[in-house]
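The sequence and the structure are shown first.

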Amino acid sequence: MTIYAAERLVTPHEVLAPGWFRVDGDRITEVGAGSPAETAERLDGWVLPGFVDMHVHGGGGASFTTGDPEQARRAAAFHRRHGTTTMLASLVTAPPEQLLAAVRELVPLVADGTLAGVHLEGPFLAEARCGAHDPELLLEPDGELLDDLLRAGCGTVRMVTVAPERPGGMDLIKKLAAADVVAAVGHSDATFDVAAEAFRAGATVATHLFNGMPPLHHRKPGVVGAALHHPAAVVELINDGVHLHPAVVAGVFAQVGSERVALVTDAMSAAGAGDGEYELGGQRVRVANGVARIAATGSIAGSTLTMDAAVRAAVAAGVSVVDASRAASGTPARAIGLVDRGEIAAGQRADLVVLDDDLQVRRVARGGRWQ
């Protein structure tokens, strides 16, 4: 059991400056304002809950997309150093046999806690909005293939992105909701009415809002408008200054609140590995000045973002530290059904990130253990 005295402790609703909390094993057992009455270990700077990235393909030169366990562990370790204590391994569109093999290979990493689950970003996407996904490998939403993928994952597939306008898309969303798997609307050319129906049918997440979907239009609000309008939809934002303008990020926070915004990285293997040539879903990617693009088409191919940088960018855009923290931790955790983490509160897992005055990572703890 350890008591920590924090210079600035970020709780779900306020900053305690100072604040303190007690950790027993892997759990936070008590949180309070001011200084603790007992001897405590001091934590200078900002203390936030560990980040939860529900959409990440890799990092540190390694990728989740092939299912290779060693690469997956390297990618997870890279993002942990940047404060991400929980993450889903996002897989891109690939032939069914490759997806099935990748999901099976990642099951042990979910079992041992390296990953919190798997996100299938494809193959049930719209060709018109495929982005970095190989259009030749996209498939119509297929319930039998989904069943195979869920069985292969043995309960580890937590989220699937679907274009609801494709034949069978709405039925697939209902099937996912019935199976207690998060259905996300994304890489979609759906109209407002179709997207709104998808959210009513059980979809609860918009995959990287504004990207991979028609732009918001005042007479054709599309997926963006439907996601913002639906009161329970969580919207992912890739806050790297490339995918979204800072004013758009601030505007979304102001409109729907941090309880409905999930900051994500959508990072690929190039994150933290520098400019150069990479591969994503069988396609060649060129990274220049930190921006990843499909070499053949110029389409943005994920990002080189880390969650700490996404939080810094949110604060720079005018979002409060409390709201940026919630969008980086509590909201994504609850969006994917993890109610035991994402907040500094009694009963929560002791996942912590300590940031300095410039919001740079100083220390990271996962389950009460400093990394």
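Predicted model: local features only at pLDDT ≥ 70, side-chain atom pairs only at ≥ 80, totals over all residues.

Which residue in β4 is the bridge partner of G19? That partner is A33.

## Overall architecture

The protein chain contains ten helices and 21 strands. Its radius of gyration is 20 Å, close to the 21 Å that the globule rule gives for 371 residues, so the chain is as compact as a globular protein of that length. Along the principal axes, the C-alpha trace spans about 60 × 45 × 40 Å.

## The hairpin of β3 and β4

Strand β3 (residues 19-24) and strand β4 (residues 27-33) run antiparallel and are joined by six bridges. The bridge between G19 and A33 belongs to this pair. Two residues lie between the strands of the hairpin, and G25 adopts a positive phi near 65°.

P18 is placed in the loop between β2 (15-16) and β3.

## The parallel sheet

Eight strands make up an open sheet with parallel pairing, in the order β6-β9-β10-β11-β12-β13-β14-β15. At its edges stand β6 (51-56) and β15 (261-264), each with a single partner strand, so one side of each is left without a neighbour in the sheet. Helix α9 (residues 321-328) packs on this sheet and touches both β6 and β15; the direction of α9 makes about 75° with that of β15.

Strand β14 (residues 234-238) runs parallel to β15, and four bridges join the two. Within this pairing, I238 has V264 of β15 as its bridge partner. The peptide bond from G122 to P123 is cis, with omega near 20°.

## The antiparallel sheet

A further open sheet consists of three strands in the order β16-β17-β18, with antiparallel pairing. Its edge strands, β16 (276-280) and β18 (291-294), each pair on one side only. From one strand to the next, the twist averages 35°.

Strand β17 (residues 283-288) pairs with β18 over four bridges in the antiparallel sense. V285 stands opposite I294 of β18. The loop between β17 and β18 contains N289, a residue other than glycine whose phi is positive, near 55°.

Two packed helices are described by the angle between their axes and the distance between the axes. For helix α3 (residues 143-153) and α4, the axes come within 10 Å and cross at roughly 30°. The two helices are therefore roughly parallel to each other, and the crossing of α3 and α4 is right-handed. Here G143, L146 and D147 of α3 meet L172, K175 and L176 of α4. By class, this contact has three nonpolar, one polar and two charged residues.

Helix α4 (residues 169-178) also packs with α5, at an angle of about 25° and with the axes 9 Å apart. α4 and α5 are therefore roughly parallel to each other, and α4 passes α5 in a right-handed crossing. The residues that meet are M170, I173, K174 and A177 in α4 and V194, E197, A198 and A201 in α5. This contact comprises six nonpolar, no polar and two charged residues.

Are helices α5 and α6 parallel or oblique to each other? Helix α5 (residues 192-201) and helix α6 (residues 222-229) pack at an angle of about 40°, with their axes 8 Å apart. That angle makes α5 oblique to α6. α5 passes α6 in a right-handed crossing. On the α5 side the contact is made by F192, A195, A196 and F199, and on the α6 side by G222, V223, G225, A226, A227 and H229. By class, the contact of α5 with α6 has seven nonpolar, three polar and no charged residues.

Technical notes. Residues numbered from 1 in each chain as written. Heavy atoms only, no water. Axes fitted to C-alpha atoms, helices over the stretch in contact; angles between N-to-C directions. Parallel < 35°, antiparallel > 145°, perpendicular 65-115°, else oblique. Left-handed = near helix turned anticlockwise from the far one by under 90°. Contact = heavy atoms within 4.5 Å. Nonpolar A, V, L, I, M, F, W, Y, C, P; charged D, E, K, R; others polar. Pairing = 2+ DSSP bridges. Rg over C-alpha atoms; globule rule 2.2 N^0.38 Å.
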